[in-house]
Each structure stands twice: as C-alpha cells, then as structure tokens.
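Hi,

Here is the structure I said I would pass on. Have a look at it first, and then read my notes below.

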Amino acid sequence: MKPLNPLALTVSVPPHQHCGTSIQGRMIAILLAMIPAAAMAVNTFGVDALRVMALCMGVAVLTEAACDRIMERASDVGNMHAFVVGLSFAFLLPPSAPWWLAAFGSAASIAIGKMIFGPLGGSPFCAPLVGWAICRVSWPSAMDLDATMLTMDLTYPLGQLKAFGLNAVQITNTKSLFFGHQLGGLGAVQIAGVLAGGLFLVVRKHVSSIIPVGFLAGVTVTAWLFHMFDPTTYPPAMFHLLTGSVMFGALFLATDGPSSPNRQIPMLLFGLMAGIMTIIIRVYGAYPDGVPFAILVANLFTPAFERIRPRPFGAR
Amino acid sequence: MNNLMKNSPPQVELALVRHCALVTCGQQVRCGETLATSNSPERGDIHAPFPGKVLHVDSYRIRLSREKGETVPLASLDGLSGPEIRSRLAELGADLAPAGEVDALIINAVDAEPSVCSRKQLLADHAETLRAGIKALVRAYCPGSVVLALRQDSPNTLDELEISYVGGHYPAGLDPMVAKAVTGVEASPYAVVVGLETVHHTGMIVETGLPVSRTMVTLGDTGRLVSLGTPVGALVEEQGETVRDGDRIVLGGVLQGMTAASPGQGVDRSTTAVTVVKNPAPVAEDTACVGCGECVRHCPARLDPAMITSYAEFGDYEKAAAEHVDVCFECGLCGYYCLAHRPMLQYIRLAKSELAKARSLEEVAS
C-alpha cells in the first residue's frame, strides 16, 4: 500500500450534514410567498401600491445597514430579513400612504422593532407591527383607510362596521372579499394571494401550521359566539376571516419566529390568544382592525406561554 | 493477494479513548496481547489484532506493524457468571457497561442512521456468532427477559428471541429511544441496551477464545468485517473515493459519527461505517440564535436546545444544567435543522464537559 498523503481533513463535532435551509433561504421563501398578494395589490391599487412597497423595502434595508454601521457590527443585510420586514409593513399600509409615513414607519420597524434588541432573533415583537403601531398612534388620519382612499370605488368594510354598524357594510359578498375587492392594508386584504403564499410556506415547512390554525380558530370561534349572541349587530365569522389583516396576520406576522413560542401547545395557545384578541378589539376596541395590536399583545405573552413545557426525556 | 490485503492491513492505528497504554515503542507483541487498558467502565481494553511491532505510542493512539509472531493463549469463560464474566469480557475487548439489577436486556439491531447497514449485515451473515454472544450476555447480566429490537422491515431475525419492532425513522433507533419503545419507561435504570456490534464482538470472543480483532463496518451500501485499526483512508480508497483537503472522513453515520483526524486513523469497535463527506460540507458558523424554534420542535429529548446553547455560548453552564442539558443523548438533529447553522452539539458538549469538570472539582474539594 502506498503511503497516504498528508491531508488537512475537516474535523468537527456531528452532524456532518445539514437539512439545507438557511436564514436567507427562508426569507427568500417568505418573499416569494408574498409575491401573489403584492401582484394582486398592484392590480387593484395600481402603481401607488408598488410605490409604497418599494419605498418600504428600500428604507428598511438602508435603515438596517445604517444601524449596523452605527453599532459597529458586521452587517446581516444579506440575509434578506429587512426586505421581509419592509414588505410586511407595506402590506399593512393604505396604498395612499404618503412617502414620509411609509419611510418613517419602515425605518421605525427596523430600528425599534428589530435592531435595538440586537441581531435577528432578539426582538420580542414582530418587527413590522412595531412600526405600524407607532404610525397608527402618531398619525391616525394618515393611517385612516376610508379618509385617505376617497378616490376609490372600494370601501373599507371594517371601518364601516366600526363606525356605522353591520347594516352599513357595503361589501358582504364572500367572493369579492376573497379576491381583495375591499380596502385595508394594501397587501393584507389580498386574501386569495395571502392564502396561496401562506399555504406555500406551510407545505414547504417554512412555518408551522400550528399558529395559523390557532389564530384562525380563535377568530372563528369568538366571532361565531358574538354572531350567535346577536346576528344583527355582529357579522358572521367568515366576514371577520376575510377582512382586514386576519389572514396575513395568521400566516405571516404571528408566525414570526423570535416573537412567537417554539413548542406545540404554547404555539396553539399563542395563536388562539391572538385570534380571540382580534375579535375582542374589533368589537370593543377603538380600532377597526384588531389584528396588529392583538398580535403585539400575544407577543408580550410569549414568555409566559413558553413556561408550559414537557418533562425532558427521562428526567424525574 | 488483494483479498489478503483487504482483510489484514500491514499497519494499524488503534485509537485510545481514556485508555492507558501498556506497551512502549519498539516492543514486540503477540496477536491478541493487551495494548491498553480502559479507564472507563463502559469500554473494554484494546488488543493487538495481529502479532507485530509497536511503532508509535502517545496518549491518543498506538501504531502497530505486522510481523510474524505468536498468538496469546486462548481465554476461557467457563464457570464465570454475573459481574465476573462481564469484566472478563471487557478485558477481552467487549464494550459492556456494568449494570445492577437488569429487568430487560435489549439487543438493539436497528441501524439508527439511514446510511448505515452494519447491523442488518450482521443479522444476515452472522446469526450463529450473535446467538453465542447473546448467551454470554445473558450470563453476564442475568436479565428478566431478552428482547431483540428490530426495524419493521428487517428481512432477518433471531427466531428464539422476543421481538420488539421499532420505527425506522431517525432517531427511533438510538439506544434511549429503543429502550423507551421496548419498556415503555424513559431512561429506565433496569433496562440495558446492547448494540448488535457489541453482541457480535462478544460472540467472537466466545467462539474464538481471543480478544476482539474485527468489526462490521458499512462501506458504501454493504457491510464488511474489517480488522480493528484498519486505516480509514485505506478503506475510503478501496471504495474508489479520493479525499481532498477540507473533506471529512466520518466514522459512523453523518448525524452522530466522529470525524477522523487523519486518513491513518484506525477503525475502532464503535465504528459502524466509514464515509466521506465532501466539500462544500456544512460548516457551522459563529452566529446568534434567530429564535426560529426548529431545534425545539425536533428535539427527541424534549429539551430547548436554543436556550441550552445560548447559555453555553455565554459560559452560563449552571443555567444550561437547569435546562437539563444532561438529558441530551446527542442525536445531532438540532444542528441538522438549525436555520442559523449554529454549532449546536459543540455548545451542548461544551456545557456537559464544563459541568463535569465543575462537579469533579467539587468532589475533590469536599
């Protein structure tokens, strides 16, 4: 046998194989999953929607790069998370949002929703919702869908429900709601597109189905109870499922990794809580669409839910 | 000639893992002579697989070259039972852990990892040796029952034994999971799991009266008996693979196996396979946890690897202990699924070893 050449072998602890996913891969998958809804938004709202989405993504990336520079840290912009945050934030805005609102909200999402907690994974909140909440509280009139979208034929069903009651809601046709013929967050109301993208993520195992199932079940059951109680005041569950950001929140926002629990039972409870809170805010709260605040509240409860944990293997 | 070379390499390297070398450089040894004694109760001693001369000794390896020579006198296990036969078998190179009262002796015939088939091959080709090994193990452990854990689709079995079928999906074939599947109790102190290769080693000791000198190794898609200490580089070359800088030669499966430090490193008794993992191999990166939760949902021990590794990363080993890091049986799935490619098992092993160090210091102090 001839002598073996000296080789520099890699020596490492197992595993020696990886399932192949990466942060960047997952973020690209999420962006792909958002494309159908984005395309439907451009189709419905025209170039305005494209403007808002592009602006939000651009500002998000620049803000993250700037924060990295200020914090003297190697930049992680390459993992595409900032694009996801920017686009998610844009999905919640009215298409008429002025440039400064989109830019400020997107920058706030990244700076206050993500970067001040350290690198990706540190934030206890779903980042785009932080920016949305700041804008909604600071500039209610600019964020108000009905007031800013008077030029469109479409109406905002949740706004009409909140302000004038169930009888005033003009769009009740399930099919037109499903295909996004309504006002709301520019991408979030493209229910068909959001659902298609969300199913893609669940089937490809990029997100677990537990949180969306819990969320939608929470919305359905709570809305159904109210509807049973008084069908003339409270709309049926299907109306709630197909309006506002319920679908988008359940599939894209509540499933955000760091701000949601990791185990099955806490995930289910987290989803249920966000779903129930959504309907409670819609019925009793001051805001027409309860989803963003419901998810932020559920985010706060994540550490509490995480305390529900099984006994480790064989531990006594 | 080729066949002869395959079965008996001219030179072997025997890895020492908490073993104490008894030989010195240049010493002539007989076939079967004890080269190093084990310092850990669950591991057996190390012996010369053929007569020869010791070329090199350090704390990690003994190298031996073949020369003509004698064989040690045959050992007899007659009249021994219980702990005596167990320690005698360990002196002859069987890796048998000591145990107290044993309710169930579980023979694990499941190849846990998908790319490994050494146990399947043993069951197909060496049933008689396995039976002899099981008889000796029954004498050593005096168990209430003997159960053979098999995959559902296993074509071979050992008829006289009670069979328990185990799922084929990793990590169902790992010892703790098999023990749970058979006894219904997690980490039962009354169950002993012995891997089929160790049963085979024991059987060979009983049949030949000599220490263990060969083991079943998966090469490609078949298993083959190779001499202990055979350089892994030679085995890889035989399969027609070329190893380049940066590749890994893995002893065992890709999820749990150990990487060889050099192509000269020898096959040891726990080696179930020799495979090459080519570049671009997944290299763990120094990244922070992104909180995706994949490791938590995949952990068969129901631990929170994300928290454990984050504690270990910052040196807070006591908190890792509070998260039950000791329960981890190192299946490797957390690192396999980690979105951020964190060195999960490295951190877990770091925490375990630091905790063990702290414990031994406490014991010395008290």
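Start with B:Val217 and the residues around it. If you skip its neighbours within four places in sequence, B:Val217 is in contact with B:Ser118, B:Gly223, B:Arg224, B:Val226, B:Val267, B:Thr271, B:Thr272, B:Ala273 and B:Val274. Keep in mind that this is a predicted model. You'll find B:Val217 in strand β12 of chain B, which runs over residues 214-219. Is B:Val217 buried or exposed? It has 25 C-beta neighbours inside 10 Å, and the cut-off for buried is 20 or more, so B:Val217 counts as buried. For a sense of distance, take B:Gly144: B:Val217 and B:Gly144 are 73 residues apart in sequence, and their C-alpha atoms are 31 Å apart in space.

Now try B:Lys135, also in chain B. This residue sits in helix α4, residues 127-141 of chain B. Its count is 14 C-beta neighbours inside 10 Å; exposed would need 12 or fewer and buried 20 or more, so B:Lys135 counts as partly exposed. Along the chain, B:Lys135 and B:Gly203 are 68 residues apart, yet 8.4 Å is what separates their C-alpha atoms.

Stepping back to chain B as a whole, you can pick out 12 helices and 16 strands. The radius of gyration of chain B is 21 Å, close to the 21 Å that the globule rule gives for 366 residues, so chain B is as compact as a globular protein of that length. Along the principal axes, its C-alpha atoms fill a box of roughly 60 × 50 × 50 Å. Of those 366 residues, 49% count as buried. If you take the contacts in chain B with a separation of 6 or more, 65% of them come from residues 24 or more positions apart.

Chain A is next. Its secondary structure comes to 15 helices and zero strands. For 316 residues the globule rule gives 20 Å, and the radius of gyration of chain A is close to that at 21 Å, so chain A is as compact as a globular protein of that length. The box filled by its C-alpha atoms is roughly 90 × 50 × 35 Å, again along the principal axes. As for burial, 52% of the 316 residues of chain A count as buried. Residues 24 or more positions apart make up 74% of the contacts in chain A with a separation of 6 or more.

One helix pair in chain A is worth a look. Two packed helices are described by the angle between their axes and the distance between the axes. Here the pair is α2 (residues 47-70) and α3 (residues 81-92) of chain A, whose axes come within 8 Å and cross at roughly 140°. That makes α2(A) and α3(A) oblique to each other, and their crossing is right-handed. Which residues of α2(A) and α3(A) meet? From α2(A) they include A:Val52, A:Met53, A:Cys56 and A:Glu64, and among those in α3(A) are A:Phe83, A:Gly86, A:Leu87 and A:Phe89. By class, this contact has 13 nonpolar, one polar and one charged residues.

Finally, the two chains touch. Chain A gives 31 residues to the contact and chain B gives 51. On the side of chain A that touches chain B, there are 18 nonpolar, 11 polar and two charged residues.

Cheers

Terms used. Residues are numbered from 1 along each chain as its sequence is written. Chains are lettered from A and ligands numbered from 1 in the order in which they are written. This is a predicted model: local features need pLDDT of at least 70, side-chain atom pairs count only at pLDDT 80 or more; totals for chains, interfaces and linings use all residues. Axes are lines fitted to C-alpha atoms, for helices over the stretch in contact, and angles run from 0 to 180 degrees between N-to-C directions. Helices (H or I, at least four residues) and strands (E, at least two) are DSSP runs, numbered from the N terminus. Angles under 35 degrees count as roughly parallel, over 145 as roughly antiparallel, 65 to 115 as roughly perpendicular and the rest as oblique. A crossing is left-handed if the near helix is turned anticlockwise from the far one by less than a right angle, and right-handed if clockwise. Two residues are in contact if their C-beta atoms, placed from the backbone, lie within 7 Å. Ala, Val, Leu, Ile, Met, Phe, Trp, Tyr, Cys and Pro count as nonpolar, Asp, Glu, Lys and Arg as charged, and the others, Gly among them, as polar. The radius of gyration is taken over C-alpha atoms; the globule rule is 2.2 Å times the number of residues to the power 0.38.
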